Structure formats: structure tokens, C-alpha cells
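Here is a short briefing for a first look at a protein model. Keep the structure in view while reading.

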Amino acid sequence: MFNYTLYRIGQFVALTLPLKFSYWVASLAADTKYLFSRTDRINVGNNLRAIFPEKKESEIRYLRRRVFRNFAKYLVDFFRFEKIDEEYIKKNVKIENLHYFTEELKKEKGIVVLTAHIGNWELGGVVVALSGFPFYAVALPHKTKKVNDFFNSQRQSKKINVIPFGKAVRACLNTLKENKLVALVGDRDFAEKGVILDFFGKPTYFPEGPAAFALKTGASIVPGFMVRNPNDTFTLRIEKPIEYKATQDKTKDILEIISRYKIIFENYIKEYPEQWYVFRPFWAINHEGR
């Protein structure tokens, strides 16, 4: 109940105040959270050190604080969904390579839209959905029903069809067979039951879902990322579809496909480390906390 009340207060503030002032208030709240959330500070710092072992501790601390502030801005944007329309998108979002979706849909096998916990993936989904594409997203449920309903209603209000995580397999397969877009966040395996691959040179779990769905249905995997620009506008960049040739060895194919797109994740995270929101230890073997 406490989290639900907090989210609704955050939404009231985000919808009432001018956007820049909302960002300022959110950054202030993020700084407070930063001061009192030692565990989150340690986890984010360790993740950043694993990516940038060459950086000085002062640089890591700077990036770490930016992660907290940018995540707070991400929430402001999420709370303001009812103000997002075509005019907002035209004014605030630079869209690159949306034609990849149009071209891949012509194959009539659906598209796995692959993204990561970077920038603002929720807002990216809104832009794609409001651009006229049949857009579905697999969402991890929140702990309480009220919070879960609140988050899903925000998504559904902008034409994002939500696929509950617990019923995702059958629903994703059916949706892809209907030649629609299914969005998955593929940089983190919350169940830690996926495949282990090196990420920035260290082993960690990756979910098999995106690769397995593509192999099962013949759907294309098209990566896409919504990143925040320095002036708080956004760039939605769609990357080239992942190219692969399936063999009869499913395990080998899944590893090969994930190996191809994890490089794209690494490149984006290296370019936008202050926008990668992972507040838990990311690697199976993590560094000692500081």
C-alpha cells in the first residue's frame, strides 16, 4: 500500500508541475534515495566498476549518482503518460530507422523487439505503439496488485498490450504468429535459469526467451533503444535485425543468437552507463562491495 501511495503522489506531482520542475523535484528525491540506500549504491557502483575497471573512483561515483537521477526522471516520464501524444513525440523524440519494423512485418512472422534496462524503454514502447504498430510487451509483475494494475493501466492507456510474465510463453508465441510486435527486455535474467555468457568479460545469465521465440516462430529479432539526450529530449533508435542461420542444434543456435545481440547491449551500456538502471548485482560473480 505504501508503494502504491508513493507512486500516485509521484504521478500527481509529475502531472501538476511543469516538466522541468518535475525533473528537478525527482532529482532531489533521487539524491535523498542515494544517500540512504547503501545497498543500491554498492550494487550500482560494483556494476559500473565491472564495466569500467579503468575508471577512477571519482568517475564511478559521478556515474552512479547520475544513474539514480536519470532513473527518477524515467519515473517522471512514466507518470506523465497521459500527456504523451503525437505532438509531444514530434517535438521531443528523434526517431531513427523505424522502417526496419515495416520491412520485417512484410515477412508475416512477427517481430521480437529486443531492448534493455537502458534509457526509457517504457516510453520507447509508447512511441512505437502510437506510431501504429501492433505492440505487445512482456511485463514483470509488481509485488502488489494495486501497483501492478497502476503500471499496466499506464501502459494500456497508450496502446501497449501487456503480456503478464507468468503467462508469457504461450501468449508470445500466439502474438508472433499473428504477425505482431512482442517487446522483451533481454539484458537480465531475473530467474537466473537462462544461459551463461560473458558480458563485459565476466559470466552472467541471459534469458533465452528472445532467441527461443525467434527460433520457434521464425520471427525477426529487432533491437531498439530509447535513450535520453542531454537536453532531456529522446532518441529512439531501431537497430538492424539480428541476422542468423538456424541449425538443427537449438542450444547452439540460442547461444549464437544471444552472443550476437549482447554485443549491442554492451555498446549501448558503454555509451550510456548513466542510463543503465540495474540496482542489483548483475554478474554471477560480482566484485566486493565498497
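A residue counts as buried when its relative accessible area is under 20%. By that cut-off, buried residues make up 54% of the 290 residues in the protein. The model is predicted. The points below go from the overall fold to the sheet, its helices and some single residues.

**Overall build**

- The protein has 11 helices and nine strands.
- Its radius of gyration is 19 Å, close to the 19 Å that the globule rule gives for 290 residues, so the protein is as compact as a globular protein of that length.
- Along the principal axes, the C-alpha atoms fill a box of roughly 55 × 45 × 35 Å.
- The protein exposes about 14,800 Å², and carbon and sulfur atoms supply 54% of that area.
- Take the contacts with a separation of 6 or more: residues 24 or more positions apart account for 77% of them.

**The sheet**

- Seven strands form an open sheet. Their order is β1-β9-β8-β2-β5-β3-β4, and the pairing is mixed.
- Which strands form the edges? They are β1 (93–96) and β4 (161–164), each of which pairs on one side only.
- From one strand to the next, the twist averages 25°.
- In general, strands of a sheet pair through backbone hydrogen bonds, either parallel or antiparallel.

**Strand β5 and its neighbours**

- Strand β5 covers residues 181–185 and runs parallel to β3, residues 135–139. Three bridges join the two strands.
- Phe135 has Leu181 as its bridge partner in β5, and Ala137 stands opposite Ala183.
- Strand β2 also runs parallel to β5, and five bridges join these two strands. Val112 stands opposite Val182 of β5.
- Is β5 enclosed or open? Four of its five residues are buried, so β5 is largely enclosed by the rest of the structure.

**Helices on the sheet**

- Helix α9 spans residues 168–177. It lies across β2 (111–115), β3, β4 and β5. Its direction is at about 140° to that of β4.
- Helix α11 spans residues 250–271 and packs on the sheet. It touches β2, β8 (220–228) and β9 (234–238). The directions of α11 and β8 make an angle of about 10°.

**Aromatic residues**

- The structure holds 30 aromatic pairs.
- One of them joins Phe199 and Phe206 in an edge-to-face arrangement. The ring centres are 5.2 Å apart, with 80° between the planes.
- Are these two residues buried or exposed? Phe199 is buried, with a relative accessible area of 0%. Phe206 is buried as well, and its relative accessible area is 0%.
- One aromatic cluster brings together Tyr4, Tyr7, Phe78, Phe79, Phe81, Phe150 and Phe151.

**A closer look at Ser27**

- Ser27 sits in helix α2, which spans residues 19–36.
- Why does Ser27 count as buried? Its relative accessibility is 14%, and the cut-off for buried is under 20%.
- Leaving aside residues up to four places away in sequence, Ser27 touches Arg69 and Lys73.

Notes
Residues are numbered from 1 along each chain as its sequence is written. This is a predicted model: local features need pLDDT of at least 70, side-chain atom pairs count only at pLDDT 80 or more; totals for chains, interfaces and linings use all residues. Side-chain values use heavy atoms; hydrogens and water are left out. Two strands pair if DSSP finds at least two bridges between them. Axes are lines fitted to C-alpha atoms, for helices over the stretch in contact, and angles run from 0 to 180 degrees between N-to-C directions. Contact means heavy atoms within 4.5 Å. The radius of gyration is taken over C-alpha atoms; the globule rule is 2.2 Å times the number of residues to the power 0.38. Buried means under 20% relative accessible area, exposed over 50%, partly exposed in between (1.4 Å probe, protein chains only). Accessible areas come from the Shrake-Rupley method with a 1.4 Å probe; for residues, only the protein chains shown count as cover. Rings of Phe, Tyr and Trp (its six-membered ring) pair if their centres lie within 6.5 Å; planes under 30 degrees apart count as stacked, over 60 as edge-to-face and the rest as tilted.
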